[in-house]
Amino acid sequence: RNGDVKCWGNNGGGRSTAPPGAYLSISAGGSHTCGVLRNGDVKCWGSNSSGKATLPPNIRAATD
């Protein structure tokens, strides 16, 4: 309800440590996760092999 994200399991590469914030949506891969915050910012965390958790600059999502 409040948009907080809870992660659990193996924390290899930080994949169970979500950045703080209120999220509208989440998409998880095998070792990384990305989410859209209420303000439109996109955050990714977890394994960054092959650049999976590194976003291109100025990525924002439509929130309305």
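Reader: Which hand does the link of C34 and C44 have?
Author: This is a predicted model: local features need pLDDT of at least 70, side-chain atom pairs count only at pLDDT 80 or more, and totals for chains, interfaces and linings use all residues. Residues are numbered from 1 along each chain as its sequence is written, and side-chain values use heavy atoms, leaving out hydrogens and water. The angle about the S-S bond is 105°. The link of C34 and C44 is right-handed.

Reader: Which parts of the chain does the pair link?
Author: The pair links distant parts, 10 residues apart. Strands here (E, at least two residues) are DSSP runs, numbered from the N terminus. C34 sits in strand β2 (residues 32–37), and C44 in strand β3 (residues 42–46).

Reader: Is C44 buried or exposed?
Author: Buried means under 20% relative accessible area, exposed over 50%, partly exposed in between (1.4 Å probe, protein chains only). C44 has 16% relative accessibility, so C44 counts as buried.

Reader: How many disulfides are found in the whole structure?
Author: A disulfide is a pair of cysteine sulfur atoms within 2.5 Å. C34 and C44 are joined, S to S 2.0 Å. A search of the whole structure gives a count of 1.

Reader: Which residues outside its sequence neighbours does T33 contact?
Author: T33 lies in strand β2. Its relative accessible area is 10%, so T33 is buried. Contact means heavy atoms within 4.5 Å. Leaving aside neighbours within four places in sequence, T33 touches R15, I26, S27, A28, K43, C44 and W45.

Conventions: Helices (H or I, at least four residues) and strands (E, at least two) are DSSP runs, numbered from the N terminus.
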